[in-house]
Amino acid sequence: MDPQRTNTQTVAKRKRIWELVDLQCPIIGTCLTLGELRKIARQSDVEFPDNVSEFDIHSYFVSCCKEPSRIARLVTKKLDRKYAAKLRRYGSCKDDDAIRTLWVEDREHGDIPGPFWAVISHAHTSTRLRTEVFGEVHMLSHLVGSANRADIRRLSDLEAEQERLTHAMQRMKTVFADRVRALQGERNAMADQVDALKREMHFLSTRKEDAVPPENKTGETLQELEAEMLRRELDEAWRERNEVFKLLEAESRRLEYLESENRELAAENRVLEEEIARLLEKSYAKCPDGCAGKCPCPDLCGMCVLYVGGRTGLVPQYRALVESRGGTLIHHDGGMEEAPKRLESVLAQADAVVCPVDCVSHEACTIVKSYCKRALKPCFMMRTAGISSLAKTVSSLPEQSCPPNSHAVSIIGAQASSTTVQQS
């Protein structure tokens, strides 16, 4: 038997794209990018109009790949070359069970395009397995598309807000820089005036008394009056100079505060962007051991978070943010409408407590701090009641969670952070 002939026959058993009935659309849409399709079109001397849509290009390739055309052969060649490693990995499988095992492993790791082409075109894949894999990829595209649209809208809003804050900060920096330059100019002018007065005082003090004739008592009196006037002017100049320095220091402290505020806003914005990126990748995430598939992501894993105070209109957004991390949220308005006495019973249900210091009553804040210290529960005092502050705090909750058989005493700070002390 000729080995070369046998090898050729084995390779020919794998399906080409025109042999996969009604599967050209998901294969092209999942496994090839728009740029790769345009490159194949140029190789086939196909020119698209300038105003052609992405859907029209996709539809053209799907229709061409239903038969063994030049474009269909180029598409098959591109897929084989692009996913050669996956084809070799799946090539050793001889039945549906082996192929399905590799597919489930790749799917759980978020690797879809290459394994999808390897399974669909495999010589030993049954019609039932092809239908099963196609259904999973089809539903996954719906879920990812829906999540991406919502996250893209949110990211666009965040980028617009960041741009607005950046422009405002630049304007404030320009105004304060101009003010600082003006104050420095005034300070220099005052310093020059003080130096001139010092020189004049020194000149008057060094004049010898015997230089004035004894009979010229009126001239001596005038000199004394002039010297006294110059002393007063000097004292006034020094007072004005000190006031200018105080004003300059106050403006410098305000500028430092604004720069710190801008850094804080930038940090919160980065947290939100990381949250959006995490949500985009959540479709391929796998729950850790112990969750048993009961939470949508491996972050909070069912942790119950109590939010005390805040803005009532944002409670649905607070709850959606915590639930997107795999936790649950309960809310108490901090005594605005709900009785403060009910707060301790709600605190007993929570695993961790968050409280914005700018939007909560002093009584509720005192109750929260006292109870958490007494019950050894993590407590996070946030700077503001905005969603970004909660997102930053929630992102640190898994890091602050305690191991089994230990207690955590939270030391409450001014920012959205806490320090955990382990006790045996």
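Colleague: Where does L155 lie in this predicted model?

Modeller: L155 lies in helix α9, residues 127-205.

Colleague: What makes L155 partly exposed?

Modeller: Its relative accessible area is 27%. Buried means under 20% and exposed means over 50%. L155 falls in between, so the label is partly exposed.

Colleague: How far apart are L155 and N269 in sequence and in space?

Modeller: They are 114 residues apart in sequence and 10.0 Å apart in space, C-alpha to C-alpha.

Colleague: Turn to α4. Which residues of helix α4 are buried?

Modeller: In α4, residues 54-64, the buried ones are I57, H58, F61, V62 and C64.

Colleague: What puts them on the same side of α4?

Modeller: They cover an arc of only 165 degrees around the axis, so they share one side. The buried residues of α4 pack against α2 (24-31), α3 (34-43) and α5 (70-82).

Colleague: How many aromatic pairs does a search of the whole structure find?

Modeller: It finds 3. One of them is Y60 with F61.

Colleague: Why is the pair of Y60 and F61 called edge-to-face?

Modeller: The centres are 5.9 Å apart, and pairing needs them within 6.5 Å. F61 is buried at 0% relative accessible area, whereas Y60 is partly exposed at 29%.

Colleague: Why are Y307 and Y318 called stacked?

Modeller: Their ring centres are 4.2 Å apart and their planes at 20 degrees. Planes under 30 degrees apart count as stacked, so the pair qualifies. Y307 is in strand β1 and Y318 in helix α11, so the pair ties together parts 11 residues apart in sequence.

Terms used:
Residues numbered from 1 in each chain as written. Predicted model: local features only at pLDDT ≥ 70, side-chain atom pairs only at ≥ 80, totals over all residues. Heavy atoms only, no water. Buried < 20%, exposed > 50% of the residue type's maximum accessible area, 1.4 Å probe, protein only. Helix = DSSP H or I, 4+ residues; strand = E, 2+ residues; numbered from the N terminus. Arc of directions from axis to C-beta. Contact = heavy atoms within 4.5 Å. Phe/Tyr/Trp six-rings, centres within 6.5 Å; stacked < 30°, edge-to-face > 60°.
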